[in-house]
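Here's a quick briefing to read alongside the structure. It goes from the overall fold to one helix, then on to the core and the aromatic rings.

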Amino acid sequence: MGYSPYGFLIEIDDTVHIDVKKNCIYRFHDAQNSSGKPDDISIGVLYINNTMMSLLSYLLIHSQNKFTTKEEVLKNVWDEHNLSSSGTRLWQVFTNLKHKLLLLNFPEDFIEYEKRKGYIIRHENIMALYYQNTDEKKIKTTNASHSRRSSVFINLRQHA
């Protein structure tokens with residue numbers, strides 16, 4: 001029995017949870033009033049496609065405070081999944097991913113690309129979450145049940 005990535009927890013002013021299997025990113029924001037008590041709770045939910053999630057997961061695991069080359073990303077995100085890889089396709093997915101992360105107020109420089117060096121995430125508070133593989137049939141059934149989703153942003157006001 002091995003371990004597979006379930007997701008990630010990231011602290012960026014707020015808590016961000018990335019669910020790899022559901023291709024979903026959740027951001028929880030607790031706004032405080034002038035007395036320091038919680039006033040608003042905002043929840044941002046963003047769904048991304050499989051390729052974007054594979055790219056994001058790969059970079060979160062392999063590029064935290066170190067560079068990952070474009071060739072490594074193409075091989076491990078595209079080629080290993082029998083997808084047609086190209087620098088143009090990588091750039092499109094990377095750019096779209098960065099735009100989507102900005103919707104959840106990620107810092108603009110959360111993931112960076114430096115020419116001739118590669119991709120890097122210069123952020124300390126990233127925790128990878130794993131689950132133990134126990135039943136392959138159960139995992140495959142879960143993956144097959146994905147339906148089309150959209151992004152949702154919710155703002156909950158707490159009442160005293």
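What follows is a short tour by topic. Keep in mind that this is a predicted model. The protein has four helices and eight strands, and from the N terminus they come in the order β-β-β-β-α-α-α-β-β-β-α-β.

**Overall numbers**
- Of the protein's 160 residues, 33% count as buried.
- If you take the contacts with a separation of 6 or more, 59% of them involve residues 24 or more positions apart.

**Helix α3**
- Helix α3 covers residues 87–103, and its 17 residues should span 24 Å at 1.5 Å a residue; the end C-alpha atoms sit 25 Å apart, which agrees.
- Its buried residues are L90, V93, F94, L97 and L101.
- Looking down the axis of α3, those buried residues fall within an arc of 100 degrees, so they line one face of the helix.
- Over on the other side of α3, you'll find T88 and L103 exposed.

**The nonpolar core**
- The largest nonpolar core has 32 residues, and the members touching the most others are I25 and F110.
- At least two residues of this core come from each of β1 (3–12), β2 (14–19), α1, α2 (70–78), α3 and β6 (118–121).
- Helix α1 makes the largest contribution to this core, with seven residues.
- Leaving out residues up to four places away in sequence, I25 touches V16, H17, I18, G44, V45, L46, I48, L56, L101, L104 and F106.
- One of those partners, L101, is also on the list of buried residues of α3.

**T51 in helix α1**
- T51 is part of helix α1, which takes in residues 50–62.
- With a relative accessibility of 15%, T51 counts as buried, because the cut-off for that is under 20%.
- Setting aside residues up to four places away in sequence, T51 touches V77, W78, L83 and V93.
- Of these partners, V93 is another of the buried residues of α3.

**Aromatic rings**
- Searching the whole structure turns up six aromatic pairs.
- One of them is Y26 with F28, a stacked pair at 6.5 Å centre to centre and with 15 degrees between the planes.
- In that pair, Y26 is buried at a relative accessible area of 18%, while F28 is partly exposed at 38%.
- W91 and Y113 make an edge-to-face pair, 6.1 Å centre to centre with 70 degrees between the planes.
- This pair ties together distant parts of the chain: W91 is in helix α3 and Y113 is in strand β5 (residues 111–114), 22 residues apart.
- W91 counts as partly exposed at 45% relative accessibility, and Y113 is partly exposed too, at 28%.
- W91 and Y113 also belong to one aromatic cluster together with F94 and Y119.
- F94, a member of that cluster, is among the buried residues of α3.

Conventions. Residues are numbered from 1 along each chain as its sequence is written. This is a predicted model: local features need pLDDT of at least 70, side-chain atom pairs count only at pLDDT 80 or more; totals for chains, interfaces and linings use all residues. Side-chain values use heavy atoms; hydrogens and water are left out. Buried means under 20% relative accessible area, exposed over 50%, partly exposed in between (1.4 Å probe, protein chains only). Contact means heavy atoms within 4.5 Å. The expected span of a helix is 1.5 Å times one less than its number of residues. The arc is that of the directions from the helix axis to the C-beta atoms. A nonpolar core is a set of buried Ala, Val, Leu, Ile, Met, Phe, Trp, Tyr and Cys residues joined through side-chain atoms within 4.5 Å. Rings of Phe, Tyr and Trp (its six-membered ring) pair if their centres lie within 6.5 Å; planes under 30 degrees apart count as stacked, over 60 as edge-to-face and the rest as tilted.
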